[in-house]
Amino acid sequence: MVQKKLKILQISPQFPFPMTDGGKIGIANIYKEYSALGHEVTFCAYIDSIVEQIHIQEAEKYGKVILIPHSTRNTPLKIAGSLFKAKSLYTSKHFSEAAFREYKSIIESNDFDIIHCDHSAMMPIALELKKITNIPIALRLHNIEYTIWERYASVLSNLHPKKWYILNQAKKLREEESHFYQQADVCFAITEADKARAYQIARGANVCVATAGVNLDEWKPLPNISKENALMVLATNYDWIHNVDGAIWFIKKVLPLVIKQYPNAKLQLIGKNPPDALKQLQNNSVEVLGFVPSVKEYLSRANIYVAPLFVGGGIRIKILEAMAMHLPVVATSVSAEGIVAGEADGLFRADSAHDTSNVIIQLLDNKTLASARGTAAAKFISQNHTWKQCVGIMSDCLLSIVKKQKIY
């Protein structure tokens with residue numbers, strides 16, 4: 001139990017129910033765990049389409065829910081306009097005067113102790129609110145955003161027409177994030193690597209590591225489901241182009257090498273909105289399932305979880321969930337970033353098609369090894385990555401900040 005119940009205003013760039021991707025999973029579980037710790041949370045989120053009532057009712061189990069109509073989708077007009085703005089497209093598209101007026105009304109009608117801000121994108125709103133009430137701000141760094149843009153630019157050729165634009169956006173965002181981190185009363189980084197990156201651009205910032213996690217009661221193998229021979233699974237959000245690029249790389253470069261040794265090998269792709277570029281690659285070895293109500297059935301049948309990604313940041317919650325489900329994971333270095341597990345813990349890193357296929361074949365050749373590494377993976381998650389542990393760290397920090405502010 002917490003020593004004091006805080007009144008928290010949690011502001012999010014998206015409504016996270018249902019929890020269909022890693023970003024939503026992180027935001028929703030922080031909200032849920034704050035509530036479980038006894039805090040009173042008002043959860044505000046942007047929406048740009050109608051939300052089903054069943055999902056709103058789920059969110060209302062944990063606090064008061066306020067949905068604010070606002071689209072953060074990229075449009076040609078927004079992209080073109082960002083060329084002439086000092087602010088990045090990423091932050092400017094999350095701010096509008098209409099949205100701010102709604103937030104202003106909310107904060108003036110309540111006596112909040114602290115603002116929890118999910119993602120750097122929401123900091124312009126949070127900072128304007130702080131001017132009104134002087135409420136402290138806790139910023140959750142789900143990613144160090146500018147590094148994602150830099151990594152994206154690094155995989156493009158110098159002749160690619162997008163490269164200059166992306167590098168320019170990364171520079172703008174780096175400057176903004178430097179300011180945000182220093183203005184926040186505390187920043188919660190997901191990994192030690194992200195904490196170091198935050199300090200590189202904002203030496204005066206107060207940065208604490210509170211990693212991502214899973215709910216162990218939810219993520220465990222389903223009973224009475226047998227493993228399918230040589231089955232691999234990738235579950236991700238295909239609205240993000242880098243996830244699509246990683247999946248295509250795996251299908252074209254890695255899977256043919258695995259099939260030479262295991263002709264019956266199959267890859268199942270799970271996640272909402274798989275594009276035509278992936279659907280066109282469907283064959284006897286590739287099954288594009290799209291959105292499924294529960295991924296746990298498919299993870300229970302699989303032998304290996306794969307996570308090919310070459311652009312990204314933060315931590316891949318889907319990897320943590322797969323490990324909790326007793327699956328060995330084969331991931332690229334970028335995809336596995338921030339998870340301090342090694343091969344003995346069931347997390348295998350490989351960045352080339354040759355190395356990736358060799359690891360997969362080794363695990364398929366030795367089912368005893370694969371099973372042992374899956375068991376070790378679940379143990380690692382239970383010891384290092386639960387939402388209860390993560391949000392407990394955040395809660396203690398919020399209590400300390402609020403207590404200190406009231407003393408002074």
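# Pockets, cavities and helices

Student: What volume does the second largest pocket have?
Tutor: This is a predicted model: local features need pLDDT of at least 70, side-chain atom pairs count at pLDDT 80 or more, and totals for chains, interfaces and linings use all residues. A pocket is an open set of points on a 1 Å grid over the protein atoms alone, with protein on both sides within 12 Å along at least five of seven lines. Its volume is the space filled by probe spheres on points joined across faces, edges and corners. For the second largest pocket that comes to about 510 Å³.

Student: Which residues lie closest to the centre of the second largest pocket?
Tutor: Lining residues have an atom within 4 Å of a point. The second largest pocket has 25 of them. Closest to its centre are Met19, Trp219, Pro293, Ser294 and Val295.

Student: Which helix gives the most to the lining of the second largest pocket?
Tutor: Numbering runs from 1 along each chain as its sequence is written, and side-chain values use heavy atoms, leaving out hydrogens and water. Helices (H or I, at least four residues) and strands (E, at least two) are DSSP runs numbered from the N terminus. α1 (22–36) and α13 (317–324) each supply at least two lining residues. With 3 residues, the most comes from α13.

Student: How many charged residues are in the lining of the second largest pocket?
Tutor: Asp, Glu, Lys and Arg count as charged; Ala, Val, Leu, Ile, Met, Phe, Trp, Tyr, Cys and Pro as nonpolar; the others, Gly among them, as polar. The lining has 13 nonpolar and 7 polar residues. The charged residues number 5.

Student: Lys318 lies in helix α13. Why does Lys318 count as buried?
Tutor: Buried means under 20% relative accessible area, exposed over 50% and partly exposed in between, with a 1.4 Å probe and protein chains only. Contact means heavy atoms within 4.5 Å. Beyond four places in sequence, Lys318 contacts Thr20, Asp21, Gly22, Ile25, Ala235 and Tyr305. Lys318 counts as buried because its relative accessibility is 17%.

Student: Which residues line the second largest cavity?
Tutor: A cavity is a set of points where a 1.4 Å probe fits but cannot get out. By class its lining holds 4 nonpolar, no polar and 2 charged residues. They are Ala235, Val295, Leu299, Tyr305, Lys318 and Glu321.

Student: Which elements give two or more residues to the lining of the largest cavity?
Tutor: The largest cavity holds about 40 Å³ of space. Trp249, Phe250, Val306, Ala307, Pro308, Val330, Ala331, Thr332, Ala350 and Thr356 line it. The elements that give two or more of these are α10 (241–261), β11 (304–307) and β12 (329–331).

Student: Where does α10 bend?
Tutor: A bend is the angle between axes fitted to the seven residues ending at a position and the seven starting there. In α10 this angle is about 40°, and Pro256 follows within four residues. Buried residues of α10 include Trp249, Phe250 and Val254. The bend is at Leu255.

Student: How many residues of helix α7 (residues 145–154) are buried?
Tutor: The cover over the buried residues of α7 includes α4 (89–92), α8 (163–183), α9 (192–201) and α10. Among those buried are Glu145, Ile148, Trp149 and Arg151. α7 is mostly covered, and of its 10 residues the buried ones number 8.

Student: Gly312 is found in the loop between β11 and α13. What is the relative accessible area of Gly312?
Tutor: Not counting residues up to four places away, Gly312 touches Ile148, Arg151, Trp240 and Val334. Its C-alpha is 7.1 Å from that of Ser335, 23 residues apart along the chain. Gly312 is buried, with a relative accessible area of 0%.

Student: Which residue with positive phi follows α6?
Tutor: Helix α6 spans residues 123–133, and its buried residues include Met123, Pro124 and Ile125. After α6 comes a residue with phi near 65°. That residue is Asn134.
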